[in-house]
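Look at the chain as a whole before turning to single residues. This report follows that order.

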Amino acid sequence: MESEIPVPTVTEREQWMVENNAFQIYNHFANSSRNVKSQLLKLRRDKHLEYLFGGLKHLGSSFCVLDANRPWLCYWILHSIALLGEYLDSELECNTIDFLGRCQDQDGGYGGGPGQMPHLATTYAAVNSLITIGGHEALSSINRSTLYMFLQRMKQPSGGFRMHDGGEIDVRACYTAISVASILNILDDELVQNVGNYILSCQTYEGGIGGEPNSEAHGGYTFCGLATMILINEVHRLDLSRLIDWLVFRQGRECGFQGRTNKLVDGCYSFWQGGSFALLRRVGSFIDEQLVRPDDVGRCSTSTVSDIPEQGGLNASFHVNYNDIGHNFITTCPVMEHLFNSHALQQYILLCTQSMQVQEGGLRDKPGKARDYYHTCYCLSGLSVCHYYQSEDEETPPRPSTMLGPYSNLLDSVHPIFNVVLKKYYEAHEFFRRD
């Protein structure tokens with residue numbers, strides 16, 4: 001009896017198609033002349049900026065479906081422009097501050113547009129946008145008192161947060177709430193209470209973190225959960241070894257990252273997964289402690305704390321000033337070796353997420369997809385992570401050997417917890433400490 005030929009699944013066929021598209025691009029690159037290779041590895045900075053500034057000034061009618069995401073559009077575009085080292089002119093700056101001010105609800109937080117209900121996701125996007133613009137007018141436009149009250153209203157007994165009144169409770173809500181509170185210097189014990197327990201309940205058997213308890217591990221939620229646990233001083237409670245095991249297997253044959261097991265590569269995970277590696281580099285001592293004492297994983301006790309506090313770092317034996325953790329984190333020297341292939345990820349971003357049409361700006365999910373502002377933002381954010389990943393700190397210019405392509409590709413560095421350009425983070429940190 002002849003054995004039946006197995007029929008490939010839809011998932012398998014889609015995976016083969018994506019691999020084929022990527023490998024065609026890589027074969028074209030490998031068979032090109034040196035001059036052509038140099039051009040293909042060049043970040044098309046001017047074209048990307050043309051695309052971004054065009055979107056900040058005017059969006060077509062097709063964008064009406066994103067009417068509830070307008071602060072996100074501001075953030076994706078503004079952050080991309082900042083990564084590329086450019087600034088807004090005074091008119092665009094004032095218009096953006098004015099628009100985001102009209103998205104701010106009188107009872108706290110920011111909605112998806114003027115008159116829309118406040119939402120944690122668009123609050124995060126609006127705050128990060130204003131921090132990216134920087135300056136007194138932008139930073140002082142944020143009403144921290146009412147925003148804090150909004151965060152309190154969203155806080156749940158489980159430790160999680162609701163995205164909006166009557167909305168879902170998930171790890172994304174925890175991150176956006178804690179990130180905003182930390183960067184605005186309003187994070188306190190009341191907001192932090194039980195958050196660690198909630199996120200711990202979302203770490204899956206695979207090691208990654210799902211959106212809510214009993215959900216599948218996901219790259220975006222893993223970043224959000226890990227970053228939140230750092231900001232609330234409880235990162236040592238996660239099973240970091242299993243988390244790393246899950247993360248390292250998300251970089252695939254196409255050289256980019258997938259967001260979940262058996263899913264397709266996607267350029268946005270250049271940051272959501274790559275950014276998690278940037279975070280893990282600075283918590284390596286906790287991983288070492290867990291390997292020595294695995295039974296301590298998940299406990300609230302700070303008995304697993306290493307010598308990081310003596311370096312001005314993450315943890316403390318007694319009262320924690322939560323609002324200093326983000327600053328102390330970025331000044332802590334990385335202690336872990338490299339955990340992903342940075343050159344391979346840069347190759348995917350430069351060759352596969354940039355269009356083969358050299359006159360087109362903007363970046364995309366994968367070959368065959370259209371460009372958009374979301375993927376432009378997170379592909380560039382991931383590229384920045386790659387540039388500084390092997391540096392002792394994010395302020396030191398990276399060695400040319402760490403970069404793929406010309407040194408002119410170099411982007412500004414980001415604070416990996418908040419994903420804002422580092423110099424803008426420092427400005428905001430000082431402003432809200434004084435205020």
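**The whole chain**

The model is predicted. Its protein chain contains 20 helices and 2 strands. A compact globule of 435 residues would have a radius of gyration near 22 Å, and the value for the protein chain is 21 Å, so the two agree. The C-alpha trace spans about 60 × 60 × 50 Å along its principal axes.

Of the 435 residues, 58% count as buried. The accessible surface of the protein chain is about 18,400 Å², and carbon and sulfur atoms account for 50% of that surface. Taking contacts between residues at least 6 apart in sequence, 71% connect residues at least 24 apart.

**Residue D170**

Is D170 buried or exposed? D170 counts as buried because its relative accessibility is 5%, and the cut-off for buried is under 20%.

The side chain of D170 makes polar contacts with the backbone nitrogens listed here.

| Side chain | Backbone nitrogen | Distance |
|---|---|---|
| D170 | R172 | 3.2 Å |
| D170 | A173 | 2.9 Å |

Apart from neighbours within four places in sequence, D170 is in contact with F161, M163, Y198, G211 and Y221.

How values were computed. Residues numbered from 1 in each chain as written. Predicted model: local features only at pLDDT ≥ 70, side-chain atom pairs only at ≥ 80, totals over all residues. Heavy atoms only, no water. Helix = DSSP H or I, 4+ residues; strand = E, 2+ residues; numbered from the N terminus. Rg over C-alpha atoms; globule rule 2.2 N^0.38 Å. Buried < 20%, exposed > 50% of the residue type's maximum accessible area, 1.4 Å probe, protein only. Contact = heavy atoms within 4.5 Å. Areas by Shrake-Rupley, 256 points an atom, 1.4 Å probe, with all protein chains shown as cover. Polar contact = N/O pair within 3.5 Å; in protein donor to acceptor, adjacent residues only side chain to side chain.
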